[in-house]
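Subject: Structure for your files

Hello,

Here is the structure I said I would pass on.

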Amino acid sequence: MAYDYALVHLKYTIPLAALLTLIAYPIFHRIHFLQIGSLIVVSFLATLPWDSYLIRSNIWTYPPDAIIGPRLYGIPIEELFFFVIQTYITSLFYILLSKPLFHPLYLSTQRNPPQRIARGKVIGQGILVALTLYGVHQIRTGGPGTYLGLILAWAFPFALLTFTVAGRFILTLPLTSTVVPIIIPTVYLWLVDELALGRGTWAIESGTKLGWCLFGVLDIEEATFFLATNLLIVFGMAVFDQYLAIIFAFPHLFPKVPRSPTPLMLVQSRFSNTKQYDLERIAGLSDAVTRLKAKSRSFYLANSLFTGRLRIDLILLYSFCRLADDLVDDSTSRAEVKSWTTKLYKFLDLHYKSDIKANKARINDYIDEAFPPEAKSALKYLPATILPSQPLYQLIEGFELDSQFSFHDSSESAKFPIVDEDKLNYYGQCVAGTVGELCVALIIEHCEPEMPDERKKMLMSASRTMGVALQYVNIARDIVVDAEMGRVYLPTTWLKEEGLTPEDVVAHPRGKHVENLRRRLLSEAFKLYDEARPKMNGIPKEARGPMIGAVETYMEIGRVLRELEGGVELERGKATVPGGRRLKTVLKALFSA
Ligand SMILES: CC(C)=CCC/C(C)=C/CC/C(C)=C/CC/C(C)=C/[C@@H]1[C@@H](COP(=O)(O)OP(=O)(O)O)[C@]1(C)CC/C=C(\C)CC/C=C(\C)CCC=C(C)C
C-alpha cells in the first residue's frame with residue numbers, strides 16, 4: 001500500500017510517543033531533554049552506517065510504493081525516523097519507570113561491590129563478548145546466519161562498552177527500571193514489525209536469514225534487533241543516570257552544579273575515581289531516605305517528584321527535622337529534653353555563631369561525642385551552609401514548646417501550652433512555618449540563586465503561612481492520637497467556647513464538640529492555604545510542580561477529613577488519603593504548575 005511505512009509510524013509509533021510524552025510531561029526536567037537528545041544523536045550515528053550496509057546489501061528491502069521516496073545513504077527517511085522514535089519511546093519508558101528511584105543510593109556498589117554484583121558484571125561482559133564473537137563468526141561464514149551475525153556484531157560491542165562502564169550500577173538498579181523498560185517497548189515493536197512484515201511494508205531477503213520465526217512471520221533476527229537496540233537504549237540511559245548521580249551526590253567533587261550539568265561535568269564524572277566517592281555520604285543519604293519512608297508517606301511520595309541536588313537536600317532537611325523532633329519527642333524526662341535541645345542549639349551554634357563557628361571536622365567531632373549513632377548522619381549531612389539559621393533555631397524552640405505537654409510545672413497553662421489561637425499560630429510558625437522557609441531557601445539556592453530580594457521575601461512569607469496551614473491539618477488529623485499522649489493542640493479558648501477543657505479532650509477525643517473544633521481548625525488551615533497557594537506560582541518552574549505536589553498531597557489529608565462525617569472513626573485515629581487519590585492529587589498539581 002502506498003506510503004505504508006509512513007502509515008506504520010502514524011498508526012503505531014507516533015501515537016505511543018505522544019501518549020508517553022503526555023504522561024511524562026509533568027516530571028520532565030531539562031536534564032531529561034539532554035539525556036534523550038544525546039542518546040538519539042548517538043543512536044542515529046551508530047545505526048546509520050549499519051543500516052545503510054544492510055539495505056545496500058539487499059538484506060532489507062522495501063517495495064517502492066511502501067516508502068515516500070527520499071533516502072539518506074540508501075536509507076528511507078521512514079527508517080531514519082524509526083531510529084529516532086524508537087530511542088525516544090524506550091527512553092521515556094525508562095524515565096517513567098526510574099523516576100521513583102533515588103539514584104545516588106545505587107552508587108554504593110561502585111567500590112567493593114557485593115559478590116553478586118561483581119560476578120554479575122563479569123558474566124554479563126562474558127555473554128556480550130560471546131554474542132559479539134558469534135556474530136563475527138556468522139558474518140564470516142556467510143549464508144543464512146549473515147543478518148543475525150550483523151546484528152550481534154554491531155549491537156553487542158556497544159552493549160559491552162556501556163555495560164563495562166556502568167555494569168555495577170545497572171545490576172544494582174531494580175529490574176523494574178532496567179529489564180521492564182527493555183521488554184515493554186521490545187514486545188510492542190515486535191508486534192508492529194509482525195504487522196509490517198505481514199503487510200509487506202518491508203522484507204528480510206531470504207538467503208541471509210535463518211528462516212526461523214519467533215511467532216507469526218516475525219523473523220528471529222528482527223526480534224533480536226529490537227531486543228538488542230532497546231537494551232542499548234536502556235543501558236545508555238543508565239550510564240547517564242550514573243554520571244548524574246555522581247555529580248549530584250558528591251558536593252566535594254562537584255561543589256556547584258548548574259540546573260543542567262555540563263558535558264564537561266559528565267566527562268569529569270565518568271573519569272572520577274571511585275576511591276574519591278564519599279560512600280559514607282551515600283550511607284547517610286540512605287539513612288535519610290529510610291527515615292523519610294518510615295515517617296511520612298506524604299513527603300516520601302513527593303520527594304520523587306524532585307530532581308538533582310534539590311531532591312537530595314530536601315531529603316536531608318527532612319531527615320534533620322524528623323530526627324530533632326524525635327529526639328525531643330522520645331525524651332523521658334524534662335532534663336533529657338533540655339539535654340537534647342541544648343545539644344541541638346550547640347550544633348547550630350557551631351555552624352552559625354561567628355564567635356564559636358567551627359569547621360566541618362570540629363562539628364563532626366561534636367556530633368560524634370554528643371549524639372547517638374543513629375542520629376549522626378542526619379546532623380552531619382544537613383546542608384547547613386545553604387540554609388538560613390533563624391528558622392532552624394526557631395524549629396528547636398517549637399520542639400521545646402511541644403515538650404511542655406509531657407514535662408511541665410504545675411500550672412494549667414504549662415500543661416496545655418496552646419492557650420489561645422495566637423499561641424497555636426506561634427507553635428505552627430515554629431515547627432512548620434520554619435520548615436517552609438527552609439524548603440524555599442533550598443529551592444532558591446538550587447534553582448534561582450539570583451532571585452530578586454522582593455520575590456524571595458514574598459516566597460519566604462508565603463512559605464511560613466503554608467507551613468502553618470499544613471501544621472493545622474496535621475493537628476486536625478491527629479486529635480485522637482495526640483489526646484492518647486495527653487496532648488491537646490486545640491486552643492484552650494476554643495475549647496471553652498464548646499464548654500470543654502483540655503482534660504475533657506484527653507478523656508474523650510471523639511464526639512460532636514471536638515468535631516466542631518476539628519472543622520474550625522481545618523477552616524483556618526484552608527484560609528491560610530488559600531492565602532499562600534497563589535504565591536507558589538513564584539517558585540522557579542522546575543521546582544514549582546513538585547513543591548505544589550508536596551503541599552497538595554498534604555492538604556488532601558485535610559480535604560479527606562472535611563469529607564468524613566463527624567465522628568466517623570479515623571483509621572488508627574489518623575485520616576489516610578487512598579493511594580489512587582494521592583496519585584491523582586500529585587498529577588493534578590504537576591499538570592497545573
Ligand atoms: C519533598 C520533601 C522531602 C520535602 C521535605 C519537607 C520537609 C523538610 C519536611 C519536614 C517535616 C518535619 C519532620 C518537620 C518537623 C516538625 C513537624 C513534624 C512538622 C509537621 C510536618 C509533618 O511531617 P511528618 O513527617 O509528620 O509527615 P506526616 O504528617 O507523618 O505525613 C508538618 C506538618 C510540617 C510540614 C511543613 C512543611 C513541609 C512546610 C510546607 C511549606 C512549604 C513546602 C513551602 C511552600 C512554598 C510556598 C511559597 C507557599
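I start with the ligand: a polar side-chain atom of Tyr 554 lies 2.5 Å from one of its oxygen atoms. Two further side chains place an N or O atom by a ligand oxygen, Arg 477 at 2.9 Å and Ser 296 at 3.1 Å. A polar contact here is a pair of N or O atoms within 3.5 Å; within protein, one must be able to donate a hydrogen and the other to accept it, and residues adjacent in sequence count only if both atoms are side-chain atoms. Taken alone, the ligand exposes 1100 Å², and the protein buries 96% of that (accessible areas are from the Shrake-Rupley method with a 1.4 Å probe; for residues, only the protein chains shown count as cover).

Before going further: this is a predicted model, in which local features need pLDDT of at least 70 and side-chain atom pairs count only at pLDDT 80 or more, while totals for chains, interfaces and linings use all residues. Residues are numbered from 1 along each chain as its sequence is written, and side-chain values use heavy atoms, with hydrogens and water left out.

The shell around the ligand holds 30 residues, each with a heavy atom within 4 Å of it. The closest are Lys 295, Tyr 318, Arg 322, Arg 477 and Tyr 554. Helix α18 gives the largest share, nine residues. By class there are 18 nonpolar, eight polar and four charged residues (Ala, Val, Leu, Ile, Met, Phe, Trp, Tyr, Cys and Pro are nonpolar, Asp, Glu, Lys and Arg charged, the others, Gly among them, polar).

As for the whole chain, it has 24 helices and six strands (DSSP runs, H or I of at least four residues and E of at least two, numbered from the N terminus). Its C-alpha trace spans about 95 × 55 × 45 Å along the principal axes. Of the 593 residues, 55% are buried (under 20% relative accessible area; exposed is over 50%, partly exposed in between, with a 1.4 Å probe and protein chains only).

Finally, the cysteines. The disulfide count is zero, where a disulfide is a pair of cysteine sulfur atoms within 2.5 Å. Cys 439 is buried at 16% relative accessible area, and Cys 447 is buried at 4%.

Regards
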